[in-house]
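Reader: Could you walk me through how to read a few features of a model, starting with backbone angles?

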Amino acid sequence: MSYSVNIASQLEKSLPDELLALVRAAADLAKAYGQRLYLVGGSIRDLLLGRRNLDIDLVVEGDALELAHLLTKIYGGDLIIHPRFGTAKFRKAGFAIDLATARLETYKRPGALPKVVPGSIRDDLFRRDFTINAMAVRLDPENLGELLDPYGGSDDLEKGLIRILYPNSFIDDATRILRAIRYEQRLGFHLEPSTEKLLRRDVTMMDTLSGDRLRHEIELILMEVRPEKAFLRSEELGVLRMLNPSLRGDGWLAERFEQARQLTKPDATLYLSLLIYQLSEEENEGLIQRLKVSGKMAKTMRDTIRLKEEIPTLADTSLSPSSIYRLLEGYSPQAILATSLASPSPIASSNLIIYVNKLRYMRPILNGEALKKMGVVEGPRIGEMLRALLDARLDGRVETKGDEEALVRGWLKGQASSSPP
Ligand code: ATP
């Protein structure tokens with residue numbers, strides 16, 4: 001493969017017209033104000049690899065915020081500014097471009113965010129994670145398409161290598177450990193041998209990362225097309241055990257992820273449930289705290305571990321649909337799906353799937369208003385009757401609205417045999 005092709009024309013071919021127009025507008029403006037504009041990072045990597053990537057990162061030797069303001073003033077669109085980082089996101093016509101001032105970074109201590117001062121494009125490329133992400137393309141009209149590749153990124157792309165830029169890179173920022181694995185597995189590349197050695201040496205630096213940064217990188221892995229590949233590799237490199245020694249990136253996990261994709265559309269929370277499936281409650285809680293997981297994801301993780309205990313009850317062919325419903329009501333759907341994929345009992349799995357696909361959506365035809373109209377006194381009795389009507393529907397004892405009304409009339413008459421629980 002050769003990268004001597006004209007990058008400018010490749011850029012024109014690969015970007016939608018509206019996005020290309022935004023990039024051109026930014027380049028023209030930069031030129032008018034005597035600032036040099038570059039396309040940087042992943043978009044060049046993917047451009048050279050022929051992979052689609054509409055995430056446009058621009059770096060200006062000058063002032064990105066000023067450029068972004070001018071862009072909005074002249075062309076309209078929306079702007080989000082991060083003054084602290086000297087970065088801006090410009091949005092128009094459904095597309096976005098990120099603008100940043102070229103900067104020089106220094107790390108005060110491992111894992112912390114770096115100290116940032118304005119710098120040259122070379123400085124800006126040097127602060128990046130891997131050679132394949134440390135290339136820039138000039139966008140000024142006279143030199144459009146000229147590649148800046150000071151660290152041999154295009155060579156590494158040809159050889160299929162992930163290479164850090166300097167020996168202490170993983171120490172300065174251990175998120176790069178997970179990023180290296182993610183790119184390696186996504187692109188079918190290899191860690192360059194000395195990079196791999198340094199990664200293995202520095203795995204313990206993952207302890208220097210904040211929960212938020214660590215979780216973010218794991219979420220990025222979970223959004224890959226085949227996240228299991230990165231987890232298998234993480235195990236092999238001793239990285240997974242830094243999150244928790246009981247986590248396994250093995251054949252079992254790979255099979256479950258594959259089955260998950262057959263069952264439903266890709267879902268990061270479902271993948272995470274499968275990843276943590278073998279953990280004890282205590283280990284799971286430790287991981288939730290370490291990664292600062294909150295909200296729906298934390299609930300799903302806790303539900304997954306709790307649900308394991310219900311498998312023996314669920315492994316019963318004579319379980320009625322209403323019993324399955326009552327057992328699983330309130331559990332996160334992803335935890336239920338994960339348990340159905342992980343459970344050793346086919347009966348439990350099938351009951352779990354029936355709940356997710358069918359039972360959880362079922363409702364009685366009659367509602368509270370209808371019950372009141374039939375003479376049920378307002379109060380807890382209404383809720384009890386609605387639950388009993390749902391049970392009757394789940395178990396196939398009623399079909400039509402008339403069937404439900406007959407049941408309610410029976411209860412109102414106080415017939416012991418048909419009174420709701
Ligand atoms: P992806 O396809 O995963 O989105 P990307 O290259 O666009 O790839 P981003 O996470 O959007 O990745 O980051 C943009 C660029 O910023 C990267 O290409 C890389 O040059 C740089 N970068 C991101 N994270 C780091 C980091 N932790 N250390 C150094 N450089 C980084």
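Author: Happy to. Alanine 93 sits in the loop between strand E4 (87-92) and strand E5 (95-101); strands (E, at least two residues) and helices (H or I, at least four) are DSSP runs, numbered from the N terminus. This is a predicted model, where local features need pLDDT of at least 70, side-chain atom pairs count only at pLDDT 80 or more, and totals for chains, interfaces and linings use all residues. Residues are numbered from 1 along each chain as its sequence is written, and side-chain values use heavy atoms, with hydrogens and water left out.

Reader: What is the phi of alanine 93?

Author: Here is the general idea: most residues other than glycine have a negative phi. Alanine 93 has a positive phi, near 55°. This alanine is exposed, with a relative accessible area of 60%; buried means under 20%, exposed over 50%, and partly exposed in between (1.4 Å probe, protein chains only).

Reader: Where is lysine 292, and is lysine 292 buried or exposed?

Author: Lysine 292 belongs to the loop between helix H15 (281-290) and helix H16 (295-307). Its phi is positive too, about 50°, although the residue is not a glycine. Lysine 292 is exposed, at a relative accessible area of 52%.

Reader: Now the ligand, please. Which residues are the closest?

Author: A residue counts as near if one of its heavy atoms lies within 4 Å of the molecule. Here 15 residues surround the ligand, and the closest are Arg45, Asp173, Arg176, Arg182 and Arg186. Helix H8 gives the largest share of this shell, 6 residues.

Reader: Which polar atoms lie by the ligand's oxygen or nitrogen atoms?

Author: A polar contact is a pair of N or O atoms within 3.5 Å. A polar side-chain atom of arginine 182 lies 2.8 Å from a ligand oxygen atom. For ligand nitrogen atoms, a backbone N or O atom of aspartate 129 lies at 3.0 Å, and a polar side-chain atom of threonine 175 at 3.2 Å.

Methods:
Polar contact = N/O pair within 3.5 Å; in protein donor to acceptor, adjacent residues only side chain to side chain.
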